[in-house]
Amino acid sequence: MTYWQALILAIIEGLTEFLPVSSTGHMIIASALMGIPATPFTKLYLVVIQLGAILSVLVVYWRRFFQSFDFYLKLLVAFLPVVVVGLTLKKYIDILLESVTTVGLMLLMGGIVLMFVDKWFPQESVEEGGSPVTTPGFRQAFVIGVFQCLAVVPGVSRSAATIIGGLTQKLTRKAAAEFAFFLAMPTMAAAAAKDLLDFYQDGGRLTGADLQLILFGNVVAFVVALLAIRLFIGFVTKFGFRAFGIYRIIVGGILLLMIGLGVDLQLI
């Protein structure tokens with residue numbers, strides 16, 4: 001992987017980590033289009049640079065992390081379901097990370113869902129029901145965590161799954177999106193730690209050049225994500241999720257069409 005390829009992937013990660021469009025799915029697509037081999041280091045890079053993006057949450061919402069101890073307990077409750085599912089299905093998840101077809105299908109299906117989310121969960125009824133403004137309760141946090149488990153499939157989008165989970169629990173769009181941001185921190189930190197452990201247990205070793213590439217990617221993802229978070233919150237609060245649904249349908253449809261026409265988009 002060259003620095004130019006690492007830069008493009010990091011920009012994509014920063015832009016898409018908190019959008020309901022699947023950051024992993026977009027990085028898999030970009031890797032395939034750039035012909036990046038699916039080596040153990042490449043797979044590790046795609047996961048580890050997500051740490052840079054989620055660290056931007058600390059900068060934007062640093063005051064929230066001092067509000068109460070319950071805040072951390074709710075994140076733990078929401079985090080536990082994906083731990084169980086991730087550890088149980090790790091082998092199958094790794095296989096799916098190489099499939100552009102899976103990404104295309106999930107983008108398309110998720111896009112169709114997002115087209116109707118605003119209709120299913122109108123904000124007027126949420127506000128009338130007295131929804132929490134910041135974080136959910138413990139039961140609501142657990143339900144959101146169960147929804148997050150859907151995102152182990154590349155292309156589903158962790159952000160979309162958790163936001164929709166929050167909306168089912170009568171959170172406002174802003175509250176659901178922000179809790180999705182907070183939940184990303186333990187989730188992606190654990191995923192990165194697990195992938196690093198597996199990488200070393202399988203005999204992999206990171207060279208000085210590899211570490212520099214990872215650090216570079218994290219810095220780029222962090223800076224880009226800082227801008228993306230604020231733009232996304234403002235956009236989704238005002239306009240909802242329909243635009244993201246249209247985007248997912250277009251991208252997923254193009255991918256499946258290209259694959260159907262025989263274009264080789266599978267990772268090498």
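Modeller: A residue is buried when its relative accessible area is under 20%, exposed when over 50%, and partly exposed in between, with a 1.4 Å probe and protein chains only. F235, at a relative accessible area of 31%, is partly exposed, whereas F244 has 12% relative accessibility and is buried. This is a predicted model, in which local features need pLDDT of at least 70 and side-chain atom pairs pLDDT 80 or more, while totals for chains, interfaces and linings use all residues. Residues are numbered from 1 along each chain as its sequence is written, and side-chain values use heavy atoms, without hydrogens and water.

Colleague: What percentage of the chain's residues count as buried?

Modeller: Of its 268 residues, 52% are buried.

Colleague: How many helices and strands are there in the chain?

Modeller: Both are DSSP runs numbered from the N terminus: helices are H or I with at least four residues, strands E with at least two. Here the chain has twelve helices and zero strands.

Colleague: How does the span of helix α10 stand against the expected one?

Modeller: The expected span is 1.5 Å times one less than the number of residues. Helix α10, residues 173–201, holds 29 residues and spans 41 Å from first to last C-alpha, close to the expected 42 Å.

Colleague: Where in α10 does the kink lie?

Modeller: A bend is the angle between two axes, one fitted to the seven residues ending at a residue and one to the seven starting there. In α10 a kink of about 30° lies at A184, shortly before the proline P186. Just after the helix, G203 has a positive phi of about 95°.

Colleague: How many aromatic pairs does a search of the whole structure find?

Modeller: Rings of Phe, Tyr and Trp (its six-membered ring) pair with centres within 6.5 Å; planes under 30 degrees apart are stacked, over 60 edge-to-face, the rest tilted. The search finds 13 pairs. Y61 and F181 form a tilted one, with 6.2 Å between centres and 45° between planes. Y61 sits in the loop between α4 (50–60) and α5 (69–96) and F181 in α10, so the pair links parts 120 residues apart. Both residues are buried. F235 and F244 pair edge-to-face, at 5.5 Å and 80°.

Colleague: Which residue lies over the face of F138?

Modeller: A charge sits over a ring if NZ of Lys or CZ of Arg is within 6 Å of the ring centre and within 35 degrees of the ring normal. K74 lies over F138, 5.8 Å from the ring centre.
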